[in-house]
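Here are some notes for a colleague who is reading this structure for the first time. Please keep the sequence and the model open beside the points below.

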Amino acid sequence: MKALSIRNLQKTYNNGFEALKGIDLDVEEGDFFALLGPNGAGKSTAIGIISSLVNSSSGSVSIFGHNVKTDVVKAKSCLGVVPQEINFNQFDTVKSIVLNQAGYYGMPRKLALQRMELCLKQMDLWDKRDSVSRRLSGGMKRRVMIARAMVHAPKLLILDEPTAGVDIEIRRSMWQMMQTLNENGTTIILTTHYLEEAESLCRNIAIIDQGKIIENSDMPSLLARMHIEHFVLDLLQPLLEAPSIPGYQLELITPKVLSVAVPKERGINQLFIQLNALNIQVSSLKNKTNRLEQLFMDLIDTQVGDVAL
Amino acid sequence: MNYSIALRTIIVKEIFRFVRIWPQTLLPPAITTALYFLIFGKLIGDRIGLVNGVSYMDYIVPGVILMSVISHSYANVVSSFYSTKFQRNIEEILVAPVPNWVILAGYISGGIIRGLLVGTVVALISMLFADIVINNVYIVLSIAILTATVFSLAGFINAILAESFDDISIIPNFVLTPLSYLGGVFYSVDMLPPLWQTLSKGNPILYMINAFRYGLIGVSDINIELAYLMTGGFITFLTLISLVLLYKGIGLKN
């Protein structure tokens with residue numbers, strides 16, 4: 001069963017800007033799916049159309065087989081959305097924000113109270129249920145939005161940059177929470193600028209740029225397409241200049257830090273053998289950039305190149 | 001899907017909103033109208049004498065009550081819905097399976113309830129100054145509800161079309177207030193020169209105030225049936241416009 005099915009979706013705004021140029025996208029039930037793209041690529045427009053906040057120009061969107069235009073009630077009932085920006089009434093209490101949302105979905109009061117308690121406890125917000133929401137920290141406000149989106153137990157949850165601007169501790173607890181939701185059967189679509197987040201959480205990925213899907217595959221296949229990986233080596237002894245090793249590009253960043261580009265077909269073992277032969281001792285090794293980030297930049301750069309041509 | 005729960009949720013949210021800020025919503029009309037009754041009704045009214053066979057104080061009470069109903073039902077919807085739109089919490093409702101008519105009915109009900117509550121507060125204040133025996137309670141209630149509905153709808157449309165906080169104050173300040181004051185709150189249209197009498201009859205608020213006055217003290221400058229017809233027509237027209245705006249998502253969706 002497809003949790004989300006998008007066909008030839010187009011959106012042209014009144015000022016003539018073409019935000020979406022006919023995208024097709026499928027997300028399977030139970031997936032943890034990353035929708036990535038640079039700012040202005042069309043991600044938010046696509047999410048807006050899926051959640052009925054933006055009118056499409058043409059094309060169709062179905063959520064668990066229910067068309068968002070012709071089968072609105074069922075389509076909306078399957079969907080929960082956590083937007084990028086805080087959009088609840090900041091003068092309301094945490095409890096009333098979540099309860100009101102349950103009411104909009106037609107949930108009887110008794111059930112709404114049970115679901116509200118469950119969602120707030122899941123988000124570690126139960127102690128804050130009577131707090132006025134504007135007094136909460138940024139991370140708590142984001143969790144309120146997730147609790148609100150989850151109150152009607154949607155089968156598909158869209159999280160639009162849920163960890164933007166939150167500290168690393170909260171971000172990691174939110175990752176854990178998203179993984180738990182997904183393990184419990186909720187299909188998740190995540191947009192994020194933290195590509196490390198997408199790489200570690202998501203199984204499938206689509207990259208959107210300039211209103212078009214430029215990549216759509218599973219995460220391992222996409223990462224396997226990297227031809228060169230960049231590593232940073234910390235050295236035990238300082239060097240005066242970068243050594244020359246055939247087949248590898250080495251650059252001395254500081255006397256004790258060496259950057260190296262490793263072609264995939266060569267691997268890293270040969271590099272270490274050569275470094276050993278040159279009596280260069282390595283104390284530690286790390287990726288120069290996140291692998292997905294590197295690939296993402298390569299794909300976006302290719303697109304820009306295409307346009308320039 | 002049970003839409004009555006969604007409707008009740010919006011109405012209760014709206015009532016909590018204006019009750020929570022009662023010093024801004026319920027207290028000012030009590031003070032303002034007490035001053036109207038004291039200055040216009042008591043101090044100046046005693047020198048004016050009878051108007052259409054009743055004391056000036058009795059004559060202005062219905063208009064002052066309805067004027068409060070008009071301004072507060074309008075203000076409630078325009079400020080609440082625009083704030084909801086401005087803070088983007090309207091998205092909470094738009095992503096949920098809430099039909100447009102439920103959104104409209106919820107916000108309009110909030111406006112009507114606040115309008116009637118303020119009208120009741122003003123009516124209670126008026127009892128300190130005037131001794132009115134209600135002529136026809138059904139006319140009083142029906143005209144109050146219909147008038148509150150008209151102006152709640154107007155406030156809703158204003159909120160949808162508004163793009164800034166300035167836009168939600170233009171209509172109340174430059175249209176509603178002049179029309180209310182020129183709608184025969186403090187005078188009978190018979191007291192005006194013929195040209196102004198004719199112009200006044202183009203003011204819908206004149207019909208509502210006079211119908212309400214008829215219900216309260218049995219005095220009116222106009223035909224009551226015409227007032228009902230006009231109010232009903234406005235409600236139908238404004239409801240249709242509101243639903244079209246919601247359907248097209250104007251001011252709400254990109």
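1. The model scores an ipTM of 0.89 and a pTM of 0.85. In chain A the mean pLDDT is 89, with 95% of the residues reaching 70 or more. Among the elements of that chain, helix H10 (residues 291-308) of chain A has the lowest mean pLDDT, at 62, whereas helix H3 (residues 94-104) of chain A has the highest, at 97. Where pLDDT is low, the predicted coordinates should not be read in detail.

2. Confidence in chain B. Chain B averages a pLDDT of 93, and 100% of its residues score at least 70. Confidence in chain B is lowest in strand S1 (residues 50-51) of chain B, with a mean of 84, and highest in helix H7 (residues 137-161) of chain B, with 97.

3. The overall layout of chain A. The C-alpha trace of chain A spans about 75 × 50 × 35 Å along its principal axes, and of the 309 residues in this chain 40% are buried. The domain assignment divides chain A into domain 1 (2-218) and domain 2 (226-292), and the C-alpha centres of these domains of chain A lie 41 Å apart. If one takes the contacts in chain A between residues at least 6 apart in sequence, 67% of them join residues at least 24 apart.

4. Strand pairing in chain A. Strand S1 (residues 2-12) of chain A pairs with strand S4 (residues 58-63) of chain A in the antiparallel sense, over five bridges, and Ile6(A) has Val61(A) in S4(A) as its bridge partner. S4(A) is also joined by two bridges to strand S5 (residues 66-67) of chain A, and these strands run antiparallel, with Ile63(A) standing opposite His66(A) in S5(A). S4(A) and S5(A) form a hairpin with two residues between them, and Phe64(A) in the turn has a positive phi of about 50 degrees.

5. Positive phi values in loops of chain A. Ser52(A) is not a glycine, yet its phi is positive, at about 65 degrees; Ser52(A) is placed in the loop between helix H1 (43-50) and S4 of chain A. Asp124(A), also a residue other than glycine, has a positive phi near 60 degrees, and Asp124(A) lies in the loop between helix H4 (109-122) and helix H5 (138-150) of chain A. Is each of these residues buried, or partly exposed? Ser52(A) counts as buried because it has 23 C-beta neighbours inside 10 Å, whereas Asp124(A), with 14 C-beta neighbours inside 10 Å, counts as partly exposed.

6. The contact between the chains. The contact takes 24 residues from chain A and 21 residues from chain B. On the side of chain B that touches chain A, the elements that give two or more residues are helix H1 (3-20) and helix H5 (90-94) of chain B, and H1(B) gives the most, with five residues. The residues on this side of chain B divide into 10 nonpolar, six polar and five charged.

7. Gly218(B), which follows H10(B), has a positive phi, near 80 degrees.

8. Two residues of chain B and their surroundings. Lys42(B) is found in helix H3 (residues 27-48) of chain B and is partly exposed, with 14 other C-beta atoms within 10 Å. Not counting residues up to four places away in sequence, Lys42(B) touches Phe37(B), Met57(B) and Phe129(B). Val185(B) has its place in the loop between helix H8 (167-181) and helix H9 (194-200) of chain B, and it counts as buried because it has 22 C-beta neighbours inside 10 Å. Leaving aside neighbours within four places in sequence, the contacts of Val185(B) include Ile60(B), Val64(B) and Ile209(B).

Technical notes: Residues are numbered from 1 along each chain as its sequence is written. Chains are lettered from A and ligands numbered from 1 in the order in which they are written. This is a predicted model: local features need pLDDT of at least 70, side-chain atom pairs count only at pLDDT 80 or more; totals for chains, interfaces and linings use all residues. Two residues are in contact if their C-beta atoms, placed from the backbone, lie within 7 Å. Helices (H or I, at least four residues) and strands (E, at least two) are DSSP runs, numbered from the N terminus. Ala, Val, Leu, Ile, Met, Phe, Trp, Tyr, Cys and Pro count as nonpolar, Asp, Glu, Lys and Arg as charged, and the others, Gly among them, as polar. Domain bounds come from an automatic or database domain assignment. pLDDT is the predictor's confidence in each residue, from 0 to 100. A residue is buried if 20 or more other C-beta atoms lie within 10 Å of its own, exposed if 12 or fewer, and partly exposed in between; C-beta atoms are placed from the backbone. Two strands pair if DSSP finds at least two bridges between them.
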